[in-house]
Structure formats: structure tokens, C-alpha cells
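Subject: Structure handover

Dear colleague,

Here is the structure I said I would pass on. My notes on what was found in it follow below.

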Amino acid sequence: MKNILIATATLAALAAPALAEGDAAAGEKAFKKCKSCHMIKADDGTMIVKGGKTGPNLYGIVGKPLGSVEGYKYGKSIVAAGEAGIVWDEAGLAAYVADPKGYLKEVTGDSKAKSKMTFKLKKGGEDVAAYLASLAPAPAEEETEAAASDS
């Protein structure tokens, strides 16, 4: 029974950010804590946030499979999550930045899952996720046209 209660509490803590909508403007400010390791550089080379290269470039991260940014060497657990079909969304990002190792353990079902990211953002994860979601490539012209013709 004790294990069930602990598991339930853990799931509730990980799911909590999914219930809150983030504020992209607040997330832009909170991202200052992230830029020591991460940059945000658009596909066309435009530097949005000059930052470190310890972590992957976070431009357009929402909608990508976990562990899939080209040119970055990820750990096994996050690659396994991406290969299993898990895709970054705002709720997942908010949960990950709050507890990277815990998030990977939850989504992979592997109690030994690890994360290279040791930093935990104590508050504002949903804001950072909203900010990152706002920084994405524009839909391709043909996708936009296809969506218009479906309407």
C-alpha cells in the first residue's frame, strides 16, 4: 500500500504542470537560468538566445521526439524515450525541467533511467515550456495550404 501511495504522489507531482498553462513572457525571463547550458538558434541561423552548448539547442523543441536534436549526444534514457514515440509537449517539458531523472523514470518505466541534465527548475517550468513552444518554425507553406483547403 505504501508503494502505491508513493507512486500516486509521484504521478500527481509530475502531472501537476499539465494542469497549469504557462506564461511565455514569464518563461522568457525564467529561461535566463537555462541559457548557461542551452541556446535557442533558429533553423536559418538566427540566434534568438545566445547560450551554452552543454545542452541541445531548444529551438522548435515542442513537437520533436525526446533525444532527437541533431548534433547533440544524449544519454541512453532520453533516446529510449524518443524511440518509444514520446514527443515533447508543454506539459512534458514542464515536468522534465522540474525533475529530469524522475520524468524519464516515469515515461520510460525504467527505475534506473538517468538524465544528463542535473539542474532542476523549482518553479516556472510551465512558463519556460510556454516560451519554448512559442519559438518554433512557421508551418511549411504546403502544410498551411493543405490546412486551408481542409477548412
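A contact here means heavy atoms within 4.5 Å of each other. On that basis, 46% of the protein's contacts with a separation of 6 or more are between residues 24 or more positions apart. Please keep in mind that this is a predicted model.

Overall make-up

The protein has 151 residues, and buried residues make up 33% of them. Its secondary structure consists of 7 helices and 2 strands. Read from the N terminus, the order of the elements is α-α-β-β-α-α-α-α-α. The protein exposes about 9,600 Å², of which carbon and sulfur atoms supply 56%.

The salt bridge

How many salt bridges does a search of the whole structure find? It finds 1. The partners are Asp 99 and Lys 120, with their closest N and O atoms 3.7 Å apart. Asp 99 sits in the loop between helix H4 (90–98) and helix H5 (100–108), while Lys 120 sits in the loop between H5 and helix H6 (125–134), so the pair ties together parts that are 21 residues apart in sequence. Asp 99 counts as partly exposed, at 25% relative accessibility. Lys 120 is also partly exposed, and its relative accessible area is 47%.

Aromatic pairs

The structure holds 5 aromatic pairs. One of them is formed by Phe 31 and Tyr 131, which are tilted, with 5.9 Å from centre to centre and 55° between the planes. This pair links distant parts of the chain, 100 residues apart: Phe 31 is in the loop between helix H2 (24–30) and strand E1 (40–41), and Tyr 131 is in helix H6. Are these two residues buried or exposed? Both Phe 31 and Tyr 131 are buried.

Tyr 72 and Tyr 74 form another aromatic pair, this one edge-to-face, at 4.7 Å centre to centre and with 75° between the planes. The cut-off for buried is under 20% relative accessible area. Tyr 74, at 16% relative accessibility, therefore counts as buried. Tyr 72 has a relative accessible area of 23% and is partly exposed.

There is also an aromatic cluster to look at. Trp 88, Tyr 96 and Tyr 103 form it together.

Where to look first

To find your way around, you could begin with Phe 31 and Tyr 131, the pair that links distant parts of the chain. After that, go to Asp 99 and Lys 120, which form the salt bridge.

Regards

Definitions and conventions. Residues numbered from 1 in each chain as written. Predicted model: local features only at pLDDT ≥ 70, side-chain atom pairs only at ≥ 80, totals over all residues. Heavy atoms only, no water. Salt bridge = Lys/Arg side-chain N within 4 Å of Asp/Glu carboxyl O. Helix = DSSP H or I, 4+ residues; strand = E, 2+ residues; numbered from the N terminus. Buried < 20%, exposed > 50% of the residue type's maximum accessible area, 1.4 Å probe, protein only. Phe/Tyr/Trp six-rings, centres within 6.5 Å; stacked < 30°, edge-to-face > 60°. Areas by Shrake-Rupley, 256 points an atom, 1.4 Å probe, with all protein chains shown as cover.
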